[in-house]
Amino acid sequence: MSGRTIPGEGFARKAAIAGIGATEFSKNSGRSEWQLACESVLAALEDAQIGVEEVDGFALFTMETNPEIAVARALGIPELKFFSRIPHGGGGACAPVQQAALAVASGVADVVVVYRAFNERSGTRFGAGPPPFAYTANTDQEYRNWINPYGLLTPAQQEAFLARRYMHKYGATSADFGRISVLSRKHAAVNPRAWFYERPITLDDHQNSRMIADPLRLLDCCQESDGGQALVIVSTERARDLPHPPAVVSAAAQGVGPQQISMSSYYREDIDEMPEVELVARQLWDQAGIDPDDIDAAILYDAFTPMVLLQLEEYGFCGRGEAKDFIADGNLELGGRLPVNTHGGQLGEGYIHGVNGIAEGVRLIRGTSVNQPGKDVANVLVTGGSPVPHSALVLSTDN
């Protein structure tokens, strides 16, 4: 009888991110989301030195407003052999790369592009309350019937509920969350791509920022940004012949946990735990053949600061309730055990649904981050949003 098959082992390390490209990140792009998508795709292809005519696949978000056929038509891409869509907003941030890697590793497509482009600040703002589609009478939106009447209308309000429980259970404070914000802004302050370039903050700034949804303050919440980011995925073999060192996809996974509800899995026994994240972590370590000790840096989805603490625990970098001390001890600094969000994160660089974080993971592997850690970086963890259906990657050097 054969041994247990490890999910993903058939595609692990067979595909790599060979190109990254983005528009500027702003609060008013002044152009359509379609144009932002096309600009970011062209920039990523230029970075990879791959021609537009070679693109034969796209992997996107279901929330992406720029269809594959529109971008292909605008850029003169002659034909597409593969295209897929991933739901659940930021929770699916890393899953399009998984889909692209699967397509490339299986031979379904040769050059797959992932992009996310939107005017999330000058257009529809996610933080402004339920979007128009939330009022559609279908099962996808059914969960809102159980939270909206109680005032949980926005992502900040929904995650504040979980954050307050975490604080009660483990003794975390607003200042513990604030240290994440201060670190992100510190990294953003030296990143010319970041919206908050040259604008660091102090912990006092965080503590004095206005309350958005108790206990979340303004500086606990990610930005609402305009912009586009794209990634080019090819086989690892081909990537070796391209200009940049390959960022090898050594693991990629998705996860849905028990009693999963989007943003509000409040019917679980412990609402301060995220089993979908732990499920993804198990898959990643199995696929890549590593464990948390082998991760040299991390890009953790920071839509709201408390979720960074919970992810540190679910991925096994520290025990439950210990993240506040892990952070206070300087472990997330550039010289620490696990440098985190070296680009400034969504709190400091821009909120492009986490895809800009994947690009930073690539830069860390290439050794070109503006905040490159002093130690060698061989494995980088990149995560999608939580507490929604989750996804994540491990990007590695080509050893």
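Helices here are DSSP runs of H or I with at least four residues, strands are runs of E with at least two, and both are numbered from the N terminus. H5 covers residues 155–170 and H10 covers residues 305–314; their axes come within 10 Å and cross at roughly 60°. Axes are lines fitted to C-alpha atoms, for helices over the stretch in contact, and angles run from 0 to 180 degrees between N-to-C directions. H5 and H10 are therefore oblique to each other; angles under 35 degrees count as roughly parallel, over 145 as roughly antiparallel, 65 to 115 as roughly perpendicular and the rest as oblique.

On the H5 side, the contact is made by Glu 159, Leu 162, Ala 163 and Tyr 166, and on the H10 side by Pro 306, Met 307, Leu 309, Leu 310 and Glu 313, where contact means heavy atoms within 4.5 Å. Seven of these residues are nonpolar, none is polar and two are charged. In this grouping Ala, Val, Leu, Ile, Met, Phe, Trp, Tyr, Cys and Pro count as nonpolar, Asp, Glu, Lys and Arg as charged, and the others, Gly among them, as polar.

The model is a predicted one, in which local features need pLDDT of at least 70, side-chain atom pairs count only at pLDDT 80 or more, and totals for chains, interfaces and linings use all residues. Residues are numbered from 1 along each chain as its sequence is written, and side-chain values use heavy atoms, with hydrogens and water left out.

H10 also packs with helix H6 (residues 174–188), at an angle of about 95° and with the axes 8 Å apart. H6 and H10 are therefore roughly perpendicular to each other. Here Asp 176, Phe 177, Ile 180 and Ser 181 of H6 meet Thr 305, Pro 306, Val 308 and Leu 309 of H10. This contact divides into five nonpolar, two polar and one charged residue.

Turning to the strands, nine of them form an open sheet with mixed pairing, in the order E3-E2-E4-E7-E1-E8-E11-E10-E9. Two strands pair if DSSP finds at least two bridges between them. Strand E3 (82–86) and strand E9 (297–299) stand at the edges with a single partner strand each, so one side of each is left without a neighbour in the sheet. On average, neighbouring strands of the sheet are turned by 30° against each other, direction ignored.

Helix H1 (residues 33–48) packs on this sheet, where it touches strand E1 (15–22), strand E4 (112–119) and strand E7 (226–235), and its direction makes about 125° with that of E1. Helix H3 (residues 95–106) lies across E1, strand E2 (57–61), E3, E4, E7, strand E8 (247–255) and E11, running at about 120° to E8.

Strands E10 (residues 379–383) and E11 (residues 390–396) pair in the antiparallel sense over five bridges, and Leu 381 has Val 394 in E11 as its bridge partner. The loop between E10 and E11 holds Pro 387, and the peptide bond from Ser 386 to Pro 387 is cis, with omega near 0°. Another cis peptide bond runs from Asp 214 to Pro 215, with omega near 15°; Pro 215 is placed in the loop between strand E5 (211–213) and strand E6 (216–217).
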